[in-house]
Amino acid sequence: MIREVLPVKGAYVLHVEEKYDHRGRSIALRQCLPFVPVAELIVHSVSGVVRGLHYQKGLEKIVWCLSGEIVDVGVDLRVSSSTYGKHYSHVLTGGTSSPIRVPDGVAHGIRVISREPATVLYQFS
């Protein structure tokens, strides 16, 4: 697994290993995560929808785009952080295995940019 660092401290894109065979592909989700999820949520949104910015103290999340295409945005609200006030913006496309880790203290949101709806999986610490 490779981590692509984003401009907000602790936020990064995970480039996850996929297993391929004649049947298709598979990903061992929990083996590639920096924490064991205690909750998961799947959200289906139509084109143009904006969700966020949401902020939950004490919660980090992994964001996967399962279908469609989204812009994922995070804003660092941690006053003591070296990246306080900075943000990232990153496009996630369904069918790829590159989720984003959003650290605790970072407000998060998405916008659906594909013509078709997007399905997003959130995994929470």
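**Strands, core and a loop residue**

Author: In this predicted model, E4 stands opposite V13 in β2.

Reader: How many bridges pair strand β1 with strand β2, and in which sense?

Author: Strand β1 covers residues 2–5, and strand β2 covers residues 12–15. The two form a hairpin with six residues between them. Their pairing is antiparallel, and the number of bridges is four.

Reader: Which residue in the turn of this hairpin has a positive phi?

Author: The turn belongs to the hairpin of β1 and β2. A phi of about 90° is found there, and the residue that has this positive value is G10.

Reader: Which element gives the largest share of the largest nonpolar core?

Author: This core has 20 residues, and I70, Y88, I100 and Y122 touch the most other members. The elements that give two or more residues to it are β7, β9, β10, β11 and β12. The largest share is four residues, and it comes from β12.

Reader: Does S114 count as buried or exposed, and why?

Author: S114 lies in the loop between β11 and β12. Buried means under 20% relative accessible area. S114 has a relative accessibility of 6%, and therefore it counts as buried.

Reader: Which backbone nitrogen does the side chain of S114 reach?

Author: Leaving aside neighbours within four places in sequence, S114 is in contact with S47, G68 and E69. The side chain of S114 reaches a backbone nitrogen at 3.0 Å, and that nitrogen belongs to E69.

Methods. Residues are numbered from 1 along each chain as its sequence is written. This is a predicted model: local features need pLDDT of at least 70, side-chain atom pairs count only at pLDDT 80 or more; totals for chains, interfaces and linings use all residues. Side-chain values use heavy atoms; hydrogens and water are left out. A nonpolar core is a set of buried Ala, Val, Leu, Ile, Met, Phe, Trp, Tyr and Cys residues joined through side-chain atoms within 4.5 Å. Buried means under 20% relative accessible area, exposed over 50%, partly exposed in between (1.4 Å probe, protein chains only). A polar contact is a pair of N or O atoms within 3.5 Å; within protein, one must be able to donate a hydrogen and the other to accept it, and residues adjacent in sequence count only if both atoms are side-chain atoms. Contact means heavy atoms within 4.5 Å. Two strands pair if DSSP finds at least two bridges between them.
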